[in-house]
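The stops below go one selection at a time.

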Amino acid sequence: MVFMGKENDGARTPSDAERRGLHRLMLKLPSVRGRLQLIGEKSESLGSLCEAYEDASSTLDRLRSSAGDMNHAMVHEYEIVCAEIEADVIKYCRERGGGVLE
C-alpha cells in the first residue's frame, strides 16, 4: 500500500492532517522516528501515508470511544488499516535509509 509519488526538494507544505499523522507515527514507531523527522515533511509519498494514517487512527479513536459492541467489527477493520500503514511507513523508511533505522 505504499503510494508512489514524486519526491521534491523540501519546498512542499504539508497539510495539517499530514503533520498530525506524522506526529502520531513518530510516537507509534520509535524505531523509525529519526528517519521520519528527516524526511517527513519533504516527501510527498510519505506525506500521503501520514495523512492516511491520521484519518484512519482518528477514526479508530472515535470508534473505540463509542459505546456498544456494534463497533467491534469496525474497530478491528481500522486496527488492520492502521497496522498496514505502519508497515508501509517502516518499509518506506528502510528503503530510503539504506536499511539503517534510527
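Rings of Phe, Tyr and Trp (its six-membered ring) count as a pair if their centres lie within 6.5 Å; planes under 30 degrees apart are stacked, over 60 edge-to-face, and the rest tilted. By that test the structure holds 0 aromatic pairs.

Two ground rules. This is a predicted model, in which local features need pLDDT of at least 70 and side-chain atom pairs count only at pLDDT 80 or more, while totals for chains, interfaces and linings use all residues. Residues are numbered from 1 along each chain as its sequence is written, and side-chain values use heavy atoms, with hydrogens and water left out.

**Colour by confidence**

pLDDT is the predictor's confidence in each residue, from 0 to 100. The protein chain averages 83, and 79% of the residues score at least 70. Select residues 1–10: pLDDT stays under 50 there. Contact means heavy atoms within 4.5 Å; this stretch has 20 contacts beyond four places in sequence. Now take residues 98–102, also below 50 in pLDDT, with 9 contacts beyond near neighbours in sequence. Where pLDDT is low, the predicted coordinates should not be read in detail.

Helices (H or I, at least four residues) and strands (E, at least two) are DSSP runs, numbered from the N terminus. Among the elements, α1 has the highest mean pLDDT (94), and helix α2 (residues 33–39) has the lowest (89).

**Salt bridges**

A salt bridge is a side-chain nitrogen of Lys or Arg within 4 Å of a carboxyl oxygen of Asp or Glu. How many salt bridges does the structure hold? There are 7.

Select D16 and R19. Their side chains meet in a salt bridge at 3.1 Å, N to O. Both lie in helix α1 (residues 16–28), 3 residues apart, about one turn of the helix. An α-helix has 3.6 residues a turn, so residues three or four places apart point the same way.

Next, R24 and E54. Their closest N and O atoms are 2.8 Å apart in a salt bridge. This pair links distant parts of the chain: R24 is in helix α1 and E54 in helix α3 (residues 44–65), 30 residues apart. Buried means under 20% relative accessible area, exposed over 50%, and partly exposed in between (1.4 Å probe, protein chains only). R24 is partly exposed at 27%, whereas E54 is buried at 6%.

Then pick R64 and E79, whose side chains meet in a salt bridge at 2.9 Å, N to O. R64 lies in helix α3 and E79 in helix α4 (residues 72–96), so the pair ties together parts 15 residues apart in sequence. R64 is partly exposed at 49%, and E79 is partly exposed at 32%.

**Along α4**

Show the buried residues of α4: V75, C82, I85, E86, D88, V89, Y92 and C93. What covers them includes α1, α2 and α3. Now zoom to R96. Its charged end sits over the ring of Y92, 3.8 Å from the centre (the test is NZ of Lys or CZ of Arg within 6 Å of the ring centre and within 35 degrees of the ring normal).

**Last stop: G40**

Is G40 buried or exposed? G40 is buried, with a relative accessible area of 4%. G40 is found in the loop between α2 and α3. Beyond four places in sequence, G40 touches L22, R35 and L46.
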